[in-house]
Amino acid sequence: MTRNETHNPALRNFLTSALFLAAALLIMFFRNPGIFTHPEPFWEDMAIFLGQEYSTGFPGTLLITHGAYIHLLPRLIAWAAMGCGLPYAMIVMNLIVLLIKACTFLLIFRSREITSELIRWALIAYLVLLPFPVEIYNNVTNLQWWLIYLMAIVILRRETSVRGLVLSCVILLLCGLTGMNSVLFALPCAFLSVMERTRGTIVKSCAVIACGIVQLCFMVSSPRVGEIAYSGELIDLIDQFVNRCIYHAFVNNYSESFLNFIVFLAWIALAALNLWHCRKKPTAWFIFLFSAVYFAAIYGAIA
């Protein structure tokens, strides 16, 4: 490599991104390599997505609902995995999920909208380390939870080209027609499009809202299978949040102590402080609105 090449900004950015992506992939892979080398058919991965792909096949599975809404991206992943043969299907599925997560981290790493380096690296470290290594979480069944971060970073991204806008809309359509995330993002997207009024924001917001309408239509027209059964109280929900979203990023530990309530208040205070510090930015209100809608949806579903 010549001296001129080392001072080429485009080449330097490419090499930096490539090294970061490789590091993220290696960390996630070696935290629990058994997930990828000897995967087990957990939950919907085999019973729903691979099973229906084997019996019906894509595109016949496209409009088959699960939980009363469609799952476009898992259907595509199952179709691609079955193309490699049933013995290797679970490995392929988990590796595709790993790549989707890594691409999400790369978008966060390259994001110009996240101006704080501390927030950028804290968010990346949190997502790379969550959850604790022995948990089987890197699978298609749980993919829709990771798509929340992917959708958020793509929605907030300021588009600089038509090609970038088209790619962002494709990503949002794939994610928005998987699970109920598009419904939860509809209100924050409407707010963001009104506040910013840029072409990219309006087009992407319309794509997300359209996906949300499609998913709501499926929910209204078909009975929901497997309703969430929950008989606990708000404190139980706080215990679940603190354990799953805070403790499990570091250790395999489950606690129901009063300390969880203190940890939860500290987490809320830290989040509120950051949002207040950035209160003049539409991005901060976008995150606040999504968090409020998400909490209301979860608490309303289990209360």
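This is a predicted model: local features need pLDDT of at least 70, side-chain atom pairs count only at pLDDT 80 or more; totals for chains, interfaces and linings use all residues.
Visitor: Is the peptide bond from F58 to P59 cis or trans?

Guide: P59 lies in the loop between α4 and α5. Most peptide bonds are trans. With omega near 10 degrees, the bond from F58 to P59 is cis.

Visitor: Which residues of helix α4 are buried, and why do they line one face?

Guide: Buried means under 20% relative accessible area, exposed over 50%, and partly exposed in between (1.4 Å probe, protein chains only). Seen down the axis of α4, the buried residues fall within an arc of 155 degrees, taken from the directions from the helix axis to the C-beta atoms, so they line one face of the helix. On the other side of α4, A47, Y54 and S55 are exposed. The buried residues of α4 (residues 44-55) are D45, I48, F49, L50 and E53.

Visitor: Which residues does L50 touch, leaving out those up to four places away in sequence?

Guide: L50 is in helix α4 and has a relative accessible area of 1%, so L50 is buried. What covers the buried residues of α4 includes α5 (72-82) and α6. Counting a contact as heavy atoms within 4.5 Å, L50 touches D45, A78, M82, A89, M90 and M93.

Visitor: How far apart in space are L50 and R75, C-alpha to C-alpha?

Guide: In sequence, L50 and R75 are 25 residues apart. Across the protein chain, residues 24 or more positions apart account for 71% of the contacts with a separation of 6 or more. From C-alpha to C-alpha, L50 and R75 are apart by 8.3 Å.

Visitor: Which residues have the most contacts inside the largest nonpolar core?

Guide: A nonpolar core is a set of buried Ala, Val, Leu, Ile, Met, Phe, Trp, Tyr and Cys residues joined through side-chain atoms within 4.5 Å. The largest has 50 residues. Leaving out residues up to four places away in sequence, F185 touches I148, M151, A152, I155, V208, F286 and F290. The residues with the most contacts inside the largest core are I155 and F185.

Visitor: How many residues are in the second, separate core?

Guide: This core includes I238, V242, I246 and Y247. Its residue count is five.

Visitor: Is R197 buried or exposed?

Guide: R197 lies in the loop between α10 (181-196) and α11 (199-221). Most residues other than glycine have a negative phi. Phi of R197 is positive, near 55 degrees. With a relative accessible area of 66%, R197 is exposed.

Visitor: How many helices does the protein chain have?

Guide: Of the 303 residues of the protein chain, 39% count as buried. The secondary structure has zero strands, and the number of helices is 14.

Conventions:
Residues are numbered from 1 along each chain as its sequence is written. Side-chain values use heavy atoms; hydrogens and water are left out. Helices (H or I, at least four residues) and strands (E, at least two) are DSSP runs, numbered from the N terminus.
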